[in-house]
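Dear colleague,

I am passing on the structure below, and I would be grateful if you could look through it alongside the notes that follow.

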Amino acid sequence: MLSKADNEFLTQSDAGTPMGALLRRFWMPALLSAELPERDGPPKKIKVLGEDLLAFRDTNGKVGIVEPHCPHRGANLFHGRNEDCGLRCVYHGWKFDVDGNCVDLPTAPPESTYRDTIKLLAYPAREWADLIWVYMGPKDNVPELPQIELGLVPAANRYVTKKWQDCNWVQSLEGGIDTSHFSFLHKVIATGADELRAAMSKAALADQSTPDDRIRWVQNDPRPRFQVLGHDVGLVIGGGRKTDGPELYWRIAQFLMPNIAYTPAALPGEIYYGQCWVPVDDESCWIYSYCWQPERPLSNAERTKFDGGFNVHSEVDADYMPLRNRRNGYLIDRATQKHSTFTGITGVSEQDAAIQDSQGPIQDRTKEHLGPTDIGIVEFRKLIVGAARALARGEEPKAPRLPKRYAVRSGGCITSPDKDLAAVMTERFGHPQGYIGDKYGLGPTTMDSDNPRA
Ligand code: FES
Ligand SMILES: [Fe+2]
C-alpha cells in the first residue's frame with residue numbers, strides 16, 4: 001500500500017516530475033524502425049513521457065526526433081516536406097535537420113546570420129535492435145545504449161513489435177514482473193484430457209519440451225517460494241514451485257532499470273521474451289514486446305505466434321492497437337470462461353492487458369493489500385522510487401553508465417530444492433545474475449556493486 005503522494009511520485013512521468021527526471025536519464029524506445037520505413041518518407045507523430053514529438057528519417061537514413069512546432073510561428077512540422085536532409089515547414093519554408101539545426105531560412109536575406117540563432121528542439125536518437133531510441137535527458141550526460149541481448153543477436157534471430165496499453169506504465173510493468181499471477185490469470189481449466197491437450201496446443205506450447213508438466217506445476221502451486229536479488233542495473237525475481245518430484249520449478253524474471261522486464265519461462269534452447277514499457281502519458285503507454293533466440297534465426301511462425309500464444313505479443317492492427325481491447329471488452333467469451341480458460345479472453349497478452357487496464361487508468365495503490373507473492377513488486381518500487389529520490393537530491397543513477405550489464409537473461413530452471421536463487425541462476429546461466437555479455441565480447445563482470453539496490 002502506498003500513500004497518495006507516493007503513488008503519484010511512482011506513476012507521474014511528465015517533465016518536471018521526479019520519476020520523469022529519472023526516466024529521462026535512460027534511452028527509451030520511441031518507435032519501431034519499421035514505422036519509419038523510407039528515407040524522406042512522411043514524418044510520424046509520437047508522444048513520449050507526455051511530450052508530443054515528431055520523428056522523421058532523412059535522405060541519408062538518419063532519424064531525427066524533434067519538437068513538432070516550427071520556431072518561426074509555431075506551425076506543425078508534421079505537415080512539412082521531408083526533403084534533401086531536412087524537414088521543411090510548409091508555412092514559410094524554414095528547414096531543419098535531424099539535429100534541429102536550421103539549415104535554410106528563405107524568408108531572411110541571403111547575407112543574414114539570423115538562421116544561426118534558430119534551433120528546433122531535437123533529442124538524440126539512435127537506431128538499434130530494430131528500434132528507434134530517444135534520449136530526453138541532459139545533453140551533457142548522454143549514456144550508451146543498454147546492451148540488451150536483443151540487439152546483440154543477428155537480426156534474423158529476433159522479432160520486435162509493440163502494442164498500445166490503456167493504463168499507467170507502472171501497473172502494466174508490475175504485471176510483467178508478477179510471475180505469481182500465472183497460476184490464475186492464464187490458467188487453462190479444460191477438464192478432459194483431450195480438451196486440455198487441445199487448449200494447450202492452442203496455447204502454442206508445442207515447441208517446448210515439457211509444457212504440460214510446467215503448466216500443471218504452475219497451476220497447482222499458487223504460492224511460489226519467492227526470492228529477489230539486486231544487481232547493478234535491476235533485479236532478478238525468482239519464484240520456485242513444487243514439481244511432481246523433489247525438485248523445484250523456478251520461473252525467474254529480470255527487471256532492468258527503468259522499464260524493461262524479461263519473462264520467466266524459457267528453458268535452455270527456447271525463445272526469450274522481453275518487454276519495455278514507455279509512458280505515452282500517465283494514463284497510457286506503449287509496450288515494446290520482443291523475442292529472440294540466441295542460437296538460431298526465428299521462423300516466420302515463431303515471429304507471428306499471436307493467437308492464444310503463451311508469449312507477450314498481442315494481435316494488433318496496422319497502428320499497433322490490440323484487436324481485443326478495452327473498447328470491445330477484449331472480446332470476452334463467458335462460455336469459454338466457464339469451460340476452458342480462466343478469463344474467457346483469447347491471448348495471454350490480451351489477458352494481461354484486460355486485467356491491467358481494469359485496475360484503473362492509474363491504479364489507486366492507497367487501497368491495495370500486498371502479500372508474500374508481491375515481493376518482486378515491492379522490491380521494484382523500492383528500487384525505482386529510491387533512484388528517483390536520489391536523483392532529486394542530486395545523485396545520478398548509475399545504471400545508465402553500466403550499459404554492458406544489461407546483457408542478461410532470465411528463464412526457467414528445474415533443480416534440487418536446496419539451492420537459493422543465486423545458485424539456481426548460476427546453474428541455469430553460469431552467472432548468479434544471469435550475465436551473458438561475455439558470450440558477445442563484452443568482457444566478464446561480477447555484476448557486484450557497493451549498493452546492490454542502486
Ligand atoms: S511557421 Fe514555419 S516557417 Fe513560418
Ligand atoms: Fe501475464
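Strand S7 (residues 95-96) pairs with S8 in the antiparallel sense over two bridges, where two strands count as paired if DSSP finds at least two bridges between them, and helices (H or I, at least four residues) and strands (E, at least two) are DSSP runs numbered from the N terminus. Within this pairing, Phe-96 stands opposite Cys-102 in S8. The two strands belong to an open sheet of four strands, which has the order S5-S6-S7-S8 and antiparallel pairing. S5 and strand S8 (102-104) are at the edges with a single partner strand each, so one side of each is left without a neighbour in the sheet.

Before going further, please note that this is a predicted model, in which local features need pLDDT of at least 70 and side-chain atom pairs count only at pLDDT 80 or more, while totals for chains, interfaces and linings use all residues. Residues are numbered from 1 along each chain as its sequence is written, chains are lettered from A and ligands numbered from 1 in the order in which they are written, and side-chain values use heavy atoms, with hydrogens and water left out.

His-186 lies in the loop between helix H4 (169-177) and helix H5 (193-202), and Asp-352 lies in helix H9 (residues 348-358), so the pair ties together parts that are 166 residues apart in sequence. Both His-186 and Asp-352 are buried, where buried means under 20% relative accessible area, exposed over 50% and partly exposed in between (1.4 Å probe, protein chains only).

Some backbone details deserve a look, given that most residues other than glycine have a negative phi, and most peptide bonds are trans. The peptide bond from Met-257 to Pro-258 is cis, with omega near -5 degrees, and Pro-258 is found in the loop between strand S15 (248-256) and strand S16 (260-262). Cys-85, in the loop between strand S5 (81-82) and strand S6 (87-88), has a positive phi, near 60 degrees, and is partly exposed, with a relative accessible area of 24%. Tyr-320 also has a positive phi, near 65 degrees, but this residue is buried, with a relative accessible area of 17%, and lies in the loop between helix H7 (300-303) and helix H8 (334-339).

Ser-112 is placed in the loop between S8 and strand S9 (122-123) and counts as partly exposed at 28% relative accessibility. A polar atom of the Ser-112 side chain lies 2.9 Å from the backbone nitrogen of Tyr-114.

As for the whole protein, the secondary structure comes to 11 helices and 19 strands, and buried residues make up 57% of the 454 residues. Along its principal axes, the C-alpha trace spans about 85 × 50 × 45 Å.

Definitions and conventions. A polar contact is a pair of N or O atoms within 3.5 Å; within protein, one must be able to donate a hydrogen and the other to accept it, and residues adjacent in sequence count only if both atoms are side-chain atoms.
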